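Reader: Hi! Could you walk me through the aromatic side chains in this one?
Author: Happy to, here it is.

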Amino acid sequence: MYEFKKQLTVGQRGAQLFHERFKTEFKLTRTDGKEGDFIMGKHRLELKTDDRAIGSTENIFIEQYRNTNSYAPGGPWQAKEHGCKYFAYYFWNDNKYFLFNTDKLLKGLPKLIKGKNPIEICNSSYPRLGFIIPFNEIISLTLKCNTTIDELNEFKKRYESNAMKRGYRYFLEFKNKNIA
């Protein structure tokens with residue numbers, strides 16, 4: 001089960017690390033996080049963080065609704081609602097990010113999610129809904145990212161190799177189910 005408090009902590013830690021690592025490059029200023037996490041130059045940026053090793057997945061989870069009971073928008077839809085020009089997805093363990101122009105991402109997402117089944121993530125309060133988008137599909141919509149498909153494939157190979165060395169046979173079961 002998705003644990004909101006744990007994920008809130010992950011998000012806060014991810015925002016702290018993103019700011020420390022990229023404040024100069026992106027001219028970042030922290031906000032209160034209610035309508036975007038940063039000011040980047042003169043525009044707002046919404047950040048979503050992931051604490052998994054980037055090699056453990058081939059996907060990004062793009063949240064469409066942060067609460068399906070009220071259909072409150074999530075992810076880039078929420079970013080747009082909050083006036084964020086930019087949306088970023090950050091794997092903080094590997095310091096890898098995908099930076100998007102929110103409008104361009106929203107324009108390109110219908111093509112990427114067409115035919116994909118939405119994934120519901122439940123917690124004790126409310127369910128969220130979104131889509132699993134493979135790196136090799138979403139990377140075409142990035143404004144900037146600090147990785148490549150080749151590098152992502154290398155992360156994956158190293159992760160699988162290390163997992164097999166440790167005897168994590170269940171890893172391959174999860175991989176074959178295409179779980180983000």
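Author: What follows is a short chat about aromatic rings and their surroundings.
Author: This is a predicted model, where local features need pLDDT of at least 70, side-chain atom pairs count only at pLDDT 80 or more, and totals for chains, interfaces and linings use all residues. Residues are numbered from 1 along each chain as its sequence is written, and side-chain values use heavy atoms, with hydrogens and water left out.

Reader: Great, how many aromatic pairs are there in the whole structure?
Author: The search finds 14. Rings of Phe, Tyr and Trp (its six-membered ring) pair if their centres lie within 6.5 Å; planes under 30 degrees apart count as stacked, over 60 as edge-to-face and the rest as tilted.

Reader: What's the geometry between F22 and F26?
Author: That pair is tilted, at 5.8 Å centre to centre with 45 degrees between the planes. Both residues sit in helix α1 (residues 4-26), four residues apart, or about one turn of the helix. Helices (H or I, at least four residues) and strands (E, at least two) are DSSP runs, numbered from the N terminus.

Reader: Is F26 buried or exposed?
Author: Buried, with a relative accessible area of 8%. Buried means under 20%, exposed over 50% and partly exposed in between (1.4 Å probe, protein chains only). F22 is buried too, at 5%.

Reader: And why is the F22 and Y90 pair edge-to-face?
Author: Because the planes are at 85 degrees, with the ring centres 6.0 Å apart. This pair links distant parts of the chain, with F22 in helix α1 and Y90 in strand β6 (residues 84-91), 68 residues apart.

Reader: Which aromatic cluster does F22 belong to?
Author: One formed by F18, F22, F26, F38, Y90 and Y97.
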